[in-house]
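Work through the exercises below with the structure open. Each task is followed by a worked solution.

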Amino acid sequence: MDFSFYMPARMLVGDGVVAQNAPLLAGLGTRCLLVTGKNSARISGALEDVTAALDSQGIPWQVFDGIGQNPLLSACHAAGRAAREFGADFLIGIGGGSPLDGAKAAAVYAANPELAPREIYGGHSVPALPFALVGTTAGTGSEVTRVSVLSDDETGRKRSISTPDLYARLSFGDPQRYTASLSRRFTISTALDAVAHAVESYFAKTADPITRACSVEALLQLIPALRAIQEPETLPDGDGRQRLYLGSIYAGLAFNGPGLCFPHAMGYLLSEEYGIPHGEACAVFLPQFIELAVREEAQLSSRLLARLGLRKQELCGFIAGFTAGLELPSFTGEEIQGLLPRWESSPNIGRTPGDFTPEKQAAVLQRIFQ
């Protein structure tokens, strides 16, 4: 049995966690740029908590709130420039997956002023500035991963970067406070993203016993919490918010090493071209992925389903129930063939169980979109 597991991110979770650990921020630097979106950091109360913590340590700060959904390279590049102009020697990302991923990229651009926006995909010579992350959703697990998913302004396509300096020095989670303001749909969509992380990474060819254990624990947290809000208009209680957040962190630990499979690669099509939220877009493909995984990895799938106490049909139906109301595009056979080149070099396709050929990819698309 050969594997390597590396996880240097320090995670702090609890009520009032930012205020209680304010002195730790002084260990990151002396001037800070806060990287956020327009609203979530403020509405959740996280921005107020972080600025108060910085003030308590005498650390000057400035806010860059230009990171939108599916963070653009140009916005992250601008955040890196803002950090240099302010003289920041560390950053704090506050928000959901987009601001957190944006803060990671901004830390790279801040340390590498010569780097043009698209050049970040080719690597960087100077390590990213130190950064901390404060999550306000329960989905991406970016708090504990070295992954940043960015959108190319020129193509509109998503593409990830992943280097050891993209681990946060500190990550803070206060799910009862910071995720309480999320709408039902956003809560479900981000949770479905975490479910996809857990399921895909469990079956990835590159998975190992530790990451699979994290996948199982993630699903044991996420599925009951989602089941509790299946009925329309229901929202998680405090315990549910905590379970969703913990599940998202376990799922982040699960996929950080082995990566993901075809639902994420193909899900980008729906979020990039049709505006379907990322978690829901990935979940559209999950039942087909589970069907494939059961055929290709019988022992692994039997073990997972036994731990979850579910049959394959029950798990697939449970996930499909959350995407049943989506308006999905329809594609002709010719259009499906035209989509296949999008995934020719995708590592997610290569990690998918079995030999996930273009013919099998087309069959999946036909079952969903025809």
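**Exercise 1.** In which loop is the place of Asp 165? Then list its contacts and polar partners.

Solution. The model is a predicted one.
Step 1: Asp 165 sits in the loop between β7 (158-162) and β8.
Step 2: leave aside the neighbours within four places in sequence; Asp 165 is then in contact with His 124, Val 126, Pro 127, Ala 128 and Phe 131.
Step 3: look for polar contacts of the Asp 165 side chain. The side chain of His 124 is joined to that of Asp 165 at 2.8 Å, and the side chain of Thr 163 makes a polar contact with it at 2.6 Å.
Step 4: check a residue farther along the chain. Ala 207 is 42 residues apart from Asp 165, and their C-alpha atoms are separated by 22 Å.

**Exercise 2.** Phe 131, one of the contacts of Asp 165, belongs to strand β5 (residues 131-135). Determine how many residues of β5 are buried, and on which sides they lie.

Solution. Step 1: with buried meaning under 20% relative accessible area, five of the five residues in β5 are buried.
Step 1: sort them by face. Phe 131, Leu 133 and Gly 135 lie on one side, and Ala 132 and Val 134 on the other. Both faces are therefore covered.

**Exercise 3.** Which strands pair with β5, and in what sense?

Solution. Step 1: β4 (residues 90-95) pairs with β5 in the parallel sense over five bridges; here Gly 95 stands opposite Gly 135.
Step 1: β8 (residues 170-173) runs parallel to β5 and is joined to it by four bridges. Phe 172 in β8 is the bridge partner of Val 134.
Step 2: Together with helix α6 (residues 97-111) and β5, β4 makes a right-handed β-α-β unit.

Key. Residues numbered from 1 in each chain as written. Predicted model: local features only at pLDDT ≥ 70, side-chain atom pairs only at ≥ 80, totals over all residues. Heavy atoms only, no water. Buried < 20%, exposed > 50% of the residue type's maximum accessible area, 1.4 Å probe, protein only. Helix = DSSP H or I, 4+ residues; strand = E, 2+ residues; numbered from the N terminus. Pairing = 2+ DSSP bridges. Right-handed = clockwise from strand over helix to strand, strands pointing away. Contact = heavy atoms within 4.5 Å. Polar contact = N/O pair within 3.5 Å; in protein donor to acceptor, adjacent residues only side chain to side chain.
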